[in-house]
Amino acid sequence: MRTFVAGQEAHGDFEFAELALGIDIDLFRGPLEFETDGERAAREDAARDVLADLRAEAEAGDEIAGWDALYADALARTVPFLRAVRGHRSGTGEAA
């Protein structure tokens with residue numbers, strides 16, 4: 001079965017959510033693979049700008065932007081499992 005959102009085919013759950021909600025999950029959550037400190041800083045700056053725009057649109061009365069802002073904010077507060085594991089020694093819970 002093929003799933004389409006706004007005329008675009010979604011290939012998987014994450015892509016469906018991105019198309020349906022208009023939110024780039026990796027922008028707010030971070031990629032599952034390695035990113036440099038500079039890449040992370042640039043991504044987080046862009047995410048802050050997008051989130052600020054969504055909040056401004058929500059305050060202007062756009063209810064969908066308000067829900068998108070809540071979702072984006074929640075994504076920004078998560079840490080992908082693989083990134084979290086790399087930052088800790090196995091079994092000790094101490095930072096590497």
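In this predicted model, the side chains of Asp45 and Arg48 meet in a salt bridge, with 2.4 Å from N to O. The two residues are three places apart in helix α3, which puts about one helical turn between them. Asp45 is partly exposed, at 40% relative accessibility. The structure holds seven salt bridges, and three of them are set out below.

| Salt bridge | N to O distance |
|---|---|
| Asp45 and Arg48 | 2.4 Å |
| Arg40 and Asp37 | 2.9 Å |
| Arg55 and Asp73 | 3.4 Å |

The pair Arg40 and Asp37 also lies within helix α3, three residues and about one helical turn apart. Arg40 is partly exposed, with a relative accessible area of 24%, whereas Asp37 is exposed, at 60%.

Arg55 forms its salt bridge with Asp73. Because Arg55 belongs to helix α3 and Asp73 to helix α4, this pair ties together parts that are 18 residues apart in sequence. Arg55 is partly exposed at 41% relative accessibility, while Asp73 counts as buried at 18%. Through shared partners, salt bridges also join Glu35, Asp37, Arg40 and Arg43 into one network.

**Overall architecture**

The protein contains five helices and two strands, arranged along the sequence as β-β-α-α-α-α-α. Of its 96 residues, 24% count as buried. The exposed surface comes to about 6900 Å², of which carbon and sulfur atoms supply 57%. Among contacts between residues at least 6 apart in sequence, 34% join residues at least 24 apart.

Gly61, which follows α3, has a positive phi near 110 degrees.

The N-terminal end of α4 is capped by Asp62, a side-chain oxygen of which lies 3.1 Å from the backbone nitrogen of Ile64. Buried in α4 are Ala65, Gly66, Asp68, Ala69, Ala72, Asp73 and Leu75.

In soluble globular proteins, nonpolar side chains tend to be buried together. Here the largest nonpolar core has twelve residues: Ala17, Ile23, Ile25, Leu27, Phe28, Ala47, Leu51, Leu54, Ala65, Ala69, Ala72 and Leu75.

Phe28 lies in helix α2 and is buried, with a relative accessible area of 4%. Setting aside neighbours within four places in sequence, Phe28 is in contact with Ile23, Arg43, Ala47, Val50, Leu51, Ala72, Leu75 and Ala76. Phe28 and Ala74 are 46 residues apart in sequence, and their C-alpha atoms are 8.5 Å apart. Ala72, not counting residues up to four places away in sequence, touches Ile23, Phe28, Leu51 and Leu54.

Helix α2 also contains Arg29. This residue counts as buried because its relative accessibility, 13%, is under 20%. The side chain of Arg29 is joined to that of Asp26 by a polar contact of 2.3 Å.

How values were computed:
Residues numbered from 1 in each chain as written. Predicted model: local features only at pLDDT ≥ 70, side-chain atom pairs only at ≥ 80, totals over all residues. Heavy atoms only, no water. Core = buried A, V, L, I, M, F, W, Y, C linked by side-chain atoms within 4.5 Å. Buried < 20%, exposed > 50% of the residue type's maximum accessible area, 1.4 Å probe, protein only. Contact = heavy atoms within 4.5 Å. Helix = DSSP H or I, 4+ residues; strand = E, 2+ residues; numbered from the N terminus. Polar contact = N/O pair within 3.5 Å; in protein donor to acceptor, adjacent residues only side chain to side chain. Areas by Shrake-Rupley, 256 points an atom, 1.4 Å probe, with all protein chains shown as cover. Salt bridge = Lys/Arg side-chain N within 4 Å of Asp/Glu carboxyl O.
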